[in-house]
Amino acid sequence: GEFSGKMRVRITASDRKGLPGLEWSKEIPPGGFLMGQDGGAEGSGPSAHINVDYSYWISKYKITNQQFCDFLNLAKAADLISSEGKLLNREFWGSNRRTCYLPDWDYIKNQSVVGLGDSQAIRWNVNRFEINNKANHAVLTNIIGAAAFASWYNFFLPTEVLWEKAARGEYDDAGEHRRYAWGNDLSSNFWAREKPVG
């Protein structure tokens, strides 16, 4: 394609597991923002100035059923999840070396990480997980499934602070607090998707 003067960084696989085809935001820089601010003068709403002292990236889009299904098959092949979608191997998932530590093993070992079956988006079929429908829709998982997915690929789940800082866009810093990533008005920019969240 034509070079537009902007650098696009592609994150590539760094281990045998690979990555599930995520699209990443541009780097979210360190710094402060007014969390909870809903427009207007600083201090006019229920807000707090929060500082994040490191940069990070966040997925542009929600995890799809297909991406989650791919994860399930990889984890199943490694004997770390059952065909019912329940996590196996406390030492692996419960290790504090994982990016998302999963506590309360006695509770989570009995919980499926996603709804499975013919009426669900993902099902177990003979010897593997497969997509039943809605491959590109956002997966409906629970916090256990989200943490397991993130941990498998060595990602972290974003905190509310990290998500809001990313969603506010590049202009939200001391002295400039916007209601939306592009400004304070719900204008045509919202529908034009010129500045999507993330």
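User: Which residues of helix 5 are buried?
Analyst: In helix 5, residues 160-167, they are Leu 162, Glu 164, Lys 165, Ala 166 and Ala 167. Buried means under 20% relative accessible area, exposed over 50%, partly exposed in between (1.4 Å probe, protein chains only). Helices (H or I, at least four residues) and strands (E, at least two) are DSSP runs, numbered from the N terminus.

User: What covers them?
Analyst: The cover includes strand 1 (31-35) and strand 2 (48-52).

User: And what follows helix 5?
Analyst: Gly 169, with a positive phi near 85°.

User: Before we go on, where does the model come from?
Analyst: This is a predicted model: local features need pLDDT of at least 70, side-chain atom pairs count only at pLDDT 80 or more, and totals for chains, interfaces and linings use all residues. Residues are numbered from 1 along each chain as its sequence is written, and side-chain values use heavy atoms, with hydrogens and water left out.

User: OK, new topic. How many residues are in the largest nonpolar core?
Analyst: It has 29 residues. A nonpolar core is a set of buried Ala, Val, Leu, Ile, Met, Phe, Trp, Tyr and Cys residues joined through side-chain atoms within 4.5 Å. Among those with the most contacts inside it are Phe 68, Phe 71 and Trp 152.

User: Which helices supply at least two residues each?
Analyst: Helix 1 (65-77), helix 2 (90-93), helix 3 (105-108) and helix 4 (143-152) do. Helix 4 gives the largest share of this core, 6 residues.

User: Which residues are in the second core?
Analyst: That separate core of 8 residues includes Phe 33, Val 52, Tyr 56 and Ala 166.

User: Back to helix 4. Is Ala 148 buried or exposed?
Analyst: Ala 148 is buried, with a relative accessible area of 0%. Ala 148 lies in helix 4.

User: What does Ala 148 touch?
Analyst: Phe 71, Leu 87, Trp 93 and Leu 102, not counting residues up to four places away in sequence. Contact means heavy atoms within 4.5 Å.

User: How far is Ala 148 from Leu 72?
Analyst: They are 76 residues apart in sequence and 9.7 Å apart in space, C-alpha to C-alpha.

User: Last one, the whole chain. How many helices and strands are there?
Analyst: The protein chain has 6 helices and 4 strands. From the N terminus on, the order is β-β-α-α-α-β-β-α-α-α. Of its 198 residues, 35% count as buried.
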